[in-house]
Amino acid sequence: MSRYIIRRILQAIPLLFIISILLFVLMMNTGDPLATMGGRKPTRPEDRARLERQLGLDKPIYMQYIFWLIGNDWSKIDMDGDGIAETPGTRKGVLRGDFGDSLVSRGKAVVDIIMDRLPNTLILMIPAEIIVIIASLLVGIYSALRQYTAIDHIVTGLSFIGYSMPIFFVALLSMYIFGVNFKQWGLPYLPTVGMFDPKVGKTVGQVILHMILPIFSMTVITAAGYSRFVRSQMLEVISEDYIRTARSKGLPKRMIISRHALKNAALPLVTIVGLDIPMLLAGAVVTESIFAWPGMGRLFIDHLSRSDTPVIMGILMMISVVVVFSQLVTDIIYAWLDPRIRYT
Amino acid sequence: MGIQTDAEFFQLQEEIQAEPLTPGQIIRMRFLRHKMAVFGAIMLIVLLFYSFGGVIFFSEEQANFTDTKLRLSPPSREHPFGTDTIGRDILARTIYGGQISLIIGLSAVIVEVIVGVLIGAIAGYYGGWIDGLLMRFTEAMFNIPQLFLLLVMAKFFGGKIPPIDMFGRSFSGSVIVIIVIIGITSWMYLARIVRANFLSLKEREFVLAAHTTGTSNLSIIFNHILPNSIAPIIVSGTLSVANAIISEAYISFLGLGVQPPTATWGNMLEGAYNYIETAPWLWIFPGSLIVLTVLSINFVGDGMRDALDPHAIVEAK
């Protein structure tokens with residue numbers, strides 16, 4: 001097992017290199033980060049040339065990549081443009097944990113900018129994921145045990161619709177119903193934008209209140225897909241021989257479901273959840289934009305539109321690492337849960 | 001599915017005695033038996049008529065005509081779906097937007113299928129280091145969530161393509177950009193299916209026979225193996241159309257997609273959340289059309305999966 005883990009980690013390294021090169025080349029051509037640097041005034045040509053030298057943007061792209069990767073504190077920068085490199089570089093490079101400084105918010109380290117926003121995204125995603133797993137297990141099992149009844153048909157129909165819905169539609173619809181209509185009808189209504197009411201301040205209650213709608217929109221869509229999956233898994237498992245054996249032994253139904261069927265039916269869900277974590281992060285981009293939630297997704301959109309390469313690369317590399325490792329962890333958990341699977 | 005009633009038994013008996021059906025007939029029969037798939041297919045035809053037939057009632061000038069006096073006016077007799085933030089008629093825009101959204105959905109899938117099939121087929125057929133290289137690349141693409149990749153690419157190609165004049169109309173160049181980037185960020189799943197199919201099919205006797213008669217590699221790939229793995233490609237392609245339409249809507253919704261004045265269902269939604277309270281018609285109509293289209297395509301795809309599954313032939317009652 002440990003050999004398997006080591007091999008997987010070793011395989012992940014070249015993969016992350018390919019991803020980083022791919023993204024770096026794309027990002028370096030997405031626009032002019034210097035255009036917005038002079039504030040409202042267009043950047044003066046001499047300032048532009050100096051900034052380019054300072055940021056290393058005048059170097060060929062492979063050198064820029066190397067600087068990004070391993071830093072430039074081993075070489076000197078030609079700051080004044082006289083052809084003699086005199087100022088020593090200060091960047092340490094990604095491999096030493098330095099993602100550089102943001103181009104848009106000057107002087108702020110990328111890591112700090114991301115870490116400012118990451119908790120906001122996580123407090124949306126983690127509860128959402130937990131609700132999704134519980135809800136889809138309950139709904140999936142319930143409708144599988146009542147296959148072809150009216151309730152099963154309704155649940156399958158609804159989950160098909162939910163699974164086909166783009167997240168922004170659910171978000172807009174839920175904002176309209178619970179935010180706007182409820183207000184008009186004089187019912188207690190939910191806030192639709194932001195993380196807290198500026199008049200009240202950032203209290204726990206406020207944040208929770210503002211979390212309800214974004215989490216609701218994210219869960220509806222994901223839970224719909226998962227419950228379809230759980231239902232079909234459950235149907236497959238309850239037609240297995242060992243379930244028939246358990247039944248003929250006279251075990252109570254509850255016991256059969258919870259002990260024998262559920263374990264095997266829920267197992268593949270581990271894989272789906274593990275592979276879907278990046279999807280959840282992507283969903284957060286749209287959700288956060290609609291609900292004006294100050295998380296990573298919003299950060300990404302804001303800085304992408306201003307071509308802030310260091311921040312964008314930081315976010316994307318962080319997500320790629322999460323994806324690669326969540327796949328690895330998924331495989332390990334899977335092997336641990338299912339003794340029939342052995343990796344060598 | 002067992003035989004539950006006498007009627008079903010007799011029906012089965014009749015079917016056994018009847019002329020054997022061709023595979024095409026079986027597929028059609030099984031598709032038609034899938035009620036939701038038929039419903040989805042009918043809905044899609046209606047939607048196609050709506051967006052391409054609507055041209056008779058509204059000209060594109062009407063769809064792009066701005067009347068700032070009529071900003072955000074609610075649905076009325078002249079504007080059944082209301083008007084948007086700069087006074088354009090939403091009904092006319094959903095018609096022209098539908099054309100672009102549907103065209104993007106279909107064309108992006110064509111790009112996706114071409115790339116996915118080529119990479120999957122080459123990797124599966126040749127194996128060895130080619131396979132290793134291509135699959136590493138596929139995996140790398142897989143590991144960046146599609147939406148992020150789409151947004152980065154939309155920024156990368158954005159504004160670099162001039163407007164295109166076609167059919168006497170002018171389309172924003174961003175339409176082409178969106179088609180290409182959706183295509184090149186969504187082929188990975190298909191490539192894996194095709195590769196897996198090729199890996200198993202290339203060991204079969206008919207491929208050996210083709211080799212011995214001196215058939216070229218290209219001909220074996222495209223004339224012998226590919227037709228045998230067409231079913232999963234069709235199913236996955238159909239479902240991809242829905243994904244492509246949603247992807248377009250996401251990028252346009254975030255403002256990096258198709259640029260105005262060309263309308264799409266997605267870019268009609270851009271900024272609509274600022275008017276959630278005052279002008280719900282801004283997003284209800286284009287949003288519902290997207291949901292309806294995606295739902296119908298998913299129903300059709302589901303029906304196709306059941307109809308084309310060769311293992312289900314035995315089960316077909």
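Predicted model: local features only at pLDDT ≥ 70, side-chain atom pairs only at ≥ 80, totals over all residues.
Chain B is built from 14 helices and two strands. Its C-alpha atoms occupy a box of roughly 75 × 60 × 35 Å along the principal axes. The chain has 317 residues, and 50% of them count as buried. Among contacts in chain B with a separation of 6 or more, 72% link residues 24 or more positions apart.

Chain B also touches chain A. The contact draws 40 residues from chain B and 46 residues from chain A. Together the two chains bury about 4000 Å². Of this buried area, 81% lies on carbon and sulfur atoms. N143(B), F148(B) and K155(B) supply 18% of the area that chain B buries against chain A.

Specific polar pairing across the interface was then examined. The rule finds zero salt bridges between chain B and chain A. It does find three residue pairs in polar contact, both residues at pLDDT 80 or more.

On the chain B side, the elements giving two or more residues are α6 (128–142), α7 (146–157), α12 (230–253) and α14 (281–308). The largest share comes from α14(B), with eleven residues. By class, the side of chain B that touches chain A has 30 nonpolar, four polar and six charged residues.

Note on methods
Residues numbered from 1 in each chain as written. Chains lettered and ligands numbered in written order. Heavy atoms only, no water. Contact = heavy atoms within 4.5 Å. Buried area = accessible area lost by both parts, 1.4 Å probe. Salt bridge = Lys/Arg side-chain N within 4 Å of Asp/Glu carboxyl O. Polar contact = N/O pair within 3.5 Å; in protein donor to acceptor, adjacent residues only side chain to side chain. Helix = DSSP H or I, 4+ residues; strand = E, 2+ residues; numbered from the N terminus. Nonpolar A, V, L, I, M, F, W, Y, C, P; charged D, E, K, R; others polar. Buried < 20%, exposed > 50% of the residue type's maximum accessible area, 1.4 Å probe, protein only.
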